Structures are given as C-alpha cells and as structure tokens.
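Okay, thanks everyone. Let's have the structure up on the screen, and then I'll walk you through a couple of spots in it.

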Amino acid sequence: MKKRFTLATLALVMVLGITVGAVGGMTIQVDPVNIQVNGQTFQPKDVNGNDVPVFAYNGTTYAPLRALAEAYGLTVGYDAAQNMATVTDPKAGTSTPAAPTTPATPSTPATGAQSFSAPSLSAKADKEEMTAGELTGFFTNTGKVTKRTGSDGAVKSVEVAKASGGAIEFTLAAPATVKVEFSSTGGSNTSACGIEDATGALMPEAAGLTTVTGSEKGKTTFTFNLAAGSYKVVSPVHAEYDRGARVYSITVE
C-alpha cells in the first residue's frame, strides 16, 4: 500500500548511511517497509516516543538517522555551523590496553660461563714463550705471550707484550660481563691494561680503570660489560706506561 508523507526539513538517511544534510519540504508517494535489526523487528521512534515510518522511494530505503544509528550502538550528533548530522562509533579508535609485560630474567649468555686461569698452565722455565694457539677452545693466545712462574716453578700469570704485541683472544656469542685480573711487571711498575675489540678500540672498564701498579700483590680485577663480538686482552699502546702486563685469570659471566 502506497502512502503520502510530507518531509519538512526532516533529516533522512539511507540504511547504514553515515552523514546526511537536511532536505527542503516536499510531498512524495512511498512504499512502507518493515525492518529487522539483528533478527529483531525494528520500529523507529522519535524523541517523543511516536512511531516514525520507514519507507522505500525510487528503489532506495529510508529510515530515521538517529533511531537506526542508535539501534546499532552508534552515536548521532549535529553540527549546526555546517548543517550536518554525524554518526560515530564510540568504540572506534579504542582498544584494550595490552597487559604489561614482565621483564625477562637475564639469562646466561649464549656463550655460557667461561674461564681462564694462568696457574692451570705448566712451564719448563720462567718467561717461556707460548706457542701460537697453545690455548685452544674458548680462549686462544696470539702474538707474544710468556708464562711467568714463581719460585716453585708453578705458573702464576701470563704476560702479554706491550703495545698489543701479545693477546689472549675470545669471542662472545652474546652480551656478557668479563672480568680480568691484571698486574704490572714489577713492584713499582705501572702497566696499561685493557680489552680491545676487533677494530682495536679499547673497551671502557666499569670503574674507569686503564692502568695497574705493582706485581702479584697489586693485581687488580678489571670489569668490562661487553656486547657480542671478538675481543683481545692486551697491554695497549700507552704514551707513559709502555710495557707489558700480566694476566692471572679471565672470567666470562
């Protein structure tokens, strides 16, 4: 059954439309239409609770903007300055905050704990020079490295030559803390000590140490926090303290 409606500045919208302007007054002949929203019969009403018709006209279905939008949980507004009705989804642009993540407990570096101890070596005599690659496995020796023994003939330390002329090398597969026990070559001597990376750059020591004075009684533990990479324990070039250094132990934690 066709009906006639007078639309006087009534805001209309196609089903699921978003924005519409007001239209001027006119009289049209339309076909009434029934609507279901999510399987339920939907009867739009105006602000006073009166039924508002839904109809088809020229192949297009029309329904009251506010009633239909609110049936879908949307919010309708009106911008008087632009003579424009708007439809927004209150949930748009919002999301459930992600649950805070618990910082992972630091794990043992992929390298695993490693250690070098000079007293584990043996020597036929004091100042016996190590053959290249005598140390095998995680640590290896390169350049001039000599074994220093005590009065009992047991190895106490290994001495790396000055100006990075001898080194104990190692490679970290993951970040790790490396501790090295250094001393100089005599009771009143001072030696430059440190760890170089693959480019020859000196790595910063945790307490800012760069030299050590004295022999075994003055040995000092240097601590380095290193990234993955290849390194050398050395007595680097130094303008004032240009001599070798003795290494007692190295630990990777």
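Strands themselves (E, at least two residues) and helices (H or I, at least four) are DSSP runs, numbered from the N terminus. Now, this is a predicted model, so local features need pLDDT of at least 70 and side-chain atom pairs count only at 80 or more, while totals for chains, interfaces and linings use all residues. Residues are numbered from 1 along each chain as its sequence is written, and side-chain values use heavy atoms, with hydrogens and water left out.

Of the 253 residues, 35% are buried, meaning under 20% relative accessible area with a 1.4 Å probe, protein chains only.

First stop: strand E8, residues 75–79, runs antiparallel to E9, with five bridges joining them. Tyr78 stands opposite Ala85 in E9. The two strands make a hairpin with four residues between them, and Asn83 in that turn has a positive phi of about 50°.

Next, Ser235, in the loop between strands E21 (229–234) and E22 (245–252). Buried or exposed, this Ser235? Buried, because its relative accessibility is 0%. Its side chain reaches the backbone oxygen of Arg243 at 2.6 Å. Leaving aside neighbours within four places in sequence, Ser235 is in contact (heavy atoms within 4.5 Å) with residues including Val160, Lys162, Ala192 and Gly244.

Terms used: Two strands pair if DSSP finds at least two bridges between them. Buried means under 20% relative accessible area, exposed over 50%, partly exposed in between (1.4 Å probe, protein chains only). A polar contact is a pair of N or O atoms within 3.5 Å; within protein, one must be able to donate a hydrogen and the other to accept it, and residues adjacent in sequence count only if both atoms are side-chain atoms.
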